[in-house]
Amino acid sequence: MARTGEKVIIRKISGNDDIRRHLAALGFVVDTMILVVSQMAGNLIVEVKGSRVALDKSMARRIFI
């Protein structure tokens with residue numbers, strides 16, 4: 001897991017096709033930079049492509065940095 005305030009680059013997205021398509025529609029694609037805005041109990045708010053998105057920990061674990 002990335003820390004709050006840390007900018008990271010997405011290296012891989014795991015999961016079935018539906019999950020990967022859903023994350024891609026939100027802007028989570030390989031080689032995209034994201035910023036972790038805040039964390040609480042494993043859930044994240046991240047900034048991706050100028051938008052803030054909330055992810056629960058099960059979805060966040062599918063995004064490899």
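Me: What does buried mean here, and which face of strand 4 is covered?

Reply: Buried means under 20% relative accessible area, exposed over 50%, and partly exposed in between, with a 1.4 Å probe and protein chains only. Helices (H or I, at least four residues) and strands (E, at least two) are DSSP runs numbered from the N terminus. This is a predicted model, in which local features need pLDDT of at least 70, side-chain atom pairs count only at pLDDT 80 or more, and totals for chains, interfaces and linings use all residues. Residues are numbered from 1 along each chain as its sequence is written, and side-chain values use heavy atoms, without hydrogens and water. In a regular strand the side chains alternate between the two faces of the sheet. On strand 4, Leu-44, Val-46 and Val-48 make up the covered face, while Asn-43, Ile-45 and Glu-47 lie on the uncovered one.

Me: In what order do the four strands of the sheet run?

Reply: Strands of a sheet pair through backbone hydrogen bonds, either parallel or antiparallel. Two strands count as paired if DSSP finds at least two bridges between them. Here the order is 1-3-4-5 in an open, antiparallel sheet. Strand 1 (7-9) and strand 5 are the edges, each pairing on one side only.

Me: Which residues of strand 4 stand opposite Met-40 and Ile-34?

Reply: Strands 3 and 4 share six antiparallel bridges. Met-40 faces Asn-43, and Ile-34 is bridged to Val-48. In their hairpin, with two residues between the strands, Ala-41 has a positive phi near 55°.

Me: How many bridges join strand 4 to strand 5?

Reply: Five, again in the antiparallel sense; Ile-45 stands opposite Ala-54 of strand 5.
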